[in-house]
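Let us walk through a protein together, one piece at a time. Please have a look at the chain and its fold before reading on.

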Amino acid sequence: MKTKPQVWIKLRFLFSVSSSFFNPIPTIPISKTRAWPPVAAISTITALINGTLDENLVEEAKDDDPPINSADVFRKWGCSDSEIDKIFMRRSSLRRADPDLIQSKLNVLRLLGLTSSDIVKIINFRSTILTRRINRCSDDRIKFFLELFGSRELLHKAIVRNPSLLIFDLDSKIKRVVELYEGIGVPRQDFIVMVLSRPTVLSRTSFTDEKLEYIRRTGVSEKSKMYKYVVVLIGISRLETIQEKVGNLEKFGFSEDEVLGLFGRSPLVLTLSTDKVQRNMTYVLGTMKLPAIVVLDRPFLLFANLEAVLKPRYLLAGKIEEMGLAPQIKGPKLLTALRMKEDRFLRTFVACHPESISKELMEYYRNIKGLKRLAVASKKNSHQGFAF
């Protein structure tokens, strides 16, 4: 079937119409401009943070000397060549990034009090921070943070600890979590302490009926100093993780109420891995022959390093008893010895003997501490980023 000539004429007419028919806005060549925040915006943020306008920062924003590349931006910002290499090694895409865009983000960080060493630390642990839109930090966000933390120093510390504060949604994430903890009974001042120590509070907090029941069963009152730790650690933990750690301790003869009571007296037990708790509990009960209830009264037995503290000190106690020396590490004194600092322990139970005996005990103690757990030497830590 052949196409009629009239159809070709109509199609040609349609494609020959000027583009201005469809796009009434004329195409005007736009010269390349900086993506820096406007001077007025910088003045506003500076006034919010410092209370007064910082003319030096405003003049820096007016500087018309454009950076050549991203490395030049970091160099002008105060980073050394080694620090720049570290930044590019951690985030290679920054090497090809738009220098004007990088400069605009660094300007915001400078106004918030961050230095070159701070930005290197942040990129090393949170490499994507300069690929996010932190240069769109609003005045409302800065005002809220200053009211929340109460001082520029605390705000600076919080941002270094958790730069995601600059990109989390203000209303649905940050304000919601603050109101959530205040509703549970954690004062804002205590909440600030927990945000600085546990940066994942803002990103991982969730409360369900089961979690609230766990908090109630710990027996910790809202007036207790431990309350904020219990609430935050349960709030940022997954329900399955809490149940797993409770069940792990139940294997050693504890009831669920005893375990939750232990969490109330020593909330940081929730931060221990199930593997560490199993190894310590197995050694305390199986080798040291201590009753399980001792752990409820002395939770430090779960925190102590098995290879560096529990095992060598217990074996040294047996060596001292075998040699018939005094003082011996037995009974309640054993628990005291396990809690001592290293220098005090050696001074009390090793250096107190004659030089020849002291050298023999010290050599025995060092040999025991030199023994590593099976395959621990080949263990590789591939984790990159913040420890949390």
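Which residues of helix 9 meet which residues of helix 11? From helix 9 come Leu-154, Lys-157, Ala-158 and Arg-161, and their partners in helix 11 are Ile-192, Leu-196 and Ser-197. Keep in mind as you look that this is a predicted model.

For helix 9 (residues 152–161) and helix 11 (residues 188–197), the axes come within 9 Å and cross at roughly 40 degrees. Angles under 35 degrees would count as roughly parallel, and those from 65 to 115 as roughly perpendicular, so helix 9 and helix 11 are oblique to each other. Sorted by class, the residues in the contact of helix 9 with helix 11 are 4 nonpolar, 1 polar and 2 charged.

There is another pair to compare with this. The axes of helix 13 (residues 209–217) and helix 15 (residues 239–250) come within 10 Å, again with a crossing of roughly 40 degrees. Helix 13 and helix 15 are therefore oblique to each other too, and their crossing is left-handed. On the side of helix 13, the contact is made by Glu-210, Lys-211 and Tyr-214, while helix 15 supplies Leu-239, Ile-242 and Gln-243. These residues divide into 3 nonpolar, 1 polar and 2 charged.

Now step back to see the whole protein. It has 23 helices and 0 strands. Of its 388 residues, 42% count as buried.

Where can you find buried residues within a single helix? An α-helix has 3.6 residues a turn, so residues three or four places apart point the same way.

Follow helix 9 to its end and you reach a loop. Asn-162 sits in the loop between helix 9 and helix 10 (170–184). Is Asn-162 buried or exposed? Its relative accessible area is 6%, and buried means under 20%, so Asn-162 is buried. Leaving aside residues up to four places away in sequence, Asn-162 touches Arg-126, Phe-168 and Pro-199.

Other loops have backbone details worth a look. Most residues other than glycine have a negative phi, and most peptide bonds are trans. Lys-289, however, has a positive phi, near 60 degrees. Lys-289 lies in the loop between helix 17 (274–286) and helix 18 (293–297), and with 65% relative accessibility it counts as exposed. The peptide bond from Ala-326 to Pro-327 is cis, with omega near 0 degrees. You will find Pro-327 in the loop between helix 20 (306–322) and helix 21 (332–339).

Finally, turn to the cysteines. How many disulfides are there? With a disulfide taken as a pair of cysteine sulfur atoms within 2.5 Å, the count comes to 0. Cys-79 is buried, at a relative accessible area of 4%, whereas Cys-352 counts as partly exposed, at 41%.

Definitions and conventions. Residues are numbered from 1 along each chain as its sequence is written. This is a predicted model: local features need pLDDT of at least 70, side-chain atom pairs count only at pLDDT 80 or more; totals for chains, interfaces and linings use all residues. Side-chain values use heavy atoms; hydrogens and water are left out. Axes are lines fitted to C-alpha atoms, for helices over the stretch in contact, and angles run from 0 to 180 degrees between N-to-C directions. Helices (H or I, at least four residues) and strands (E, at least two) are DSSP runs, numbered from the N terminus. Angles under 35 degrees count as roughly parallel, over 145 as roughly antiparallel, 65 to 115 as roughly perpendicular and the rest as oblique. A crossing is left-handed if the near helix is turned anticlockwise from the far one by less than a right angle, and right-handed if clockwise. Contact means heavy atoms within 4.5 Å. Ala, Val, Leu, Ile, Met, Phe, Trp, Tyr, Cys and Pro count as nonpolar, Asp, Glu, Lys and Arg as charged, and the others, Gly among them, as polar. Buried means under 20% relative accessible area, exposed over 50%, partly exposed in between (1.4 Å probe, protein chains only).
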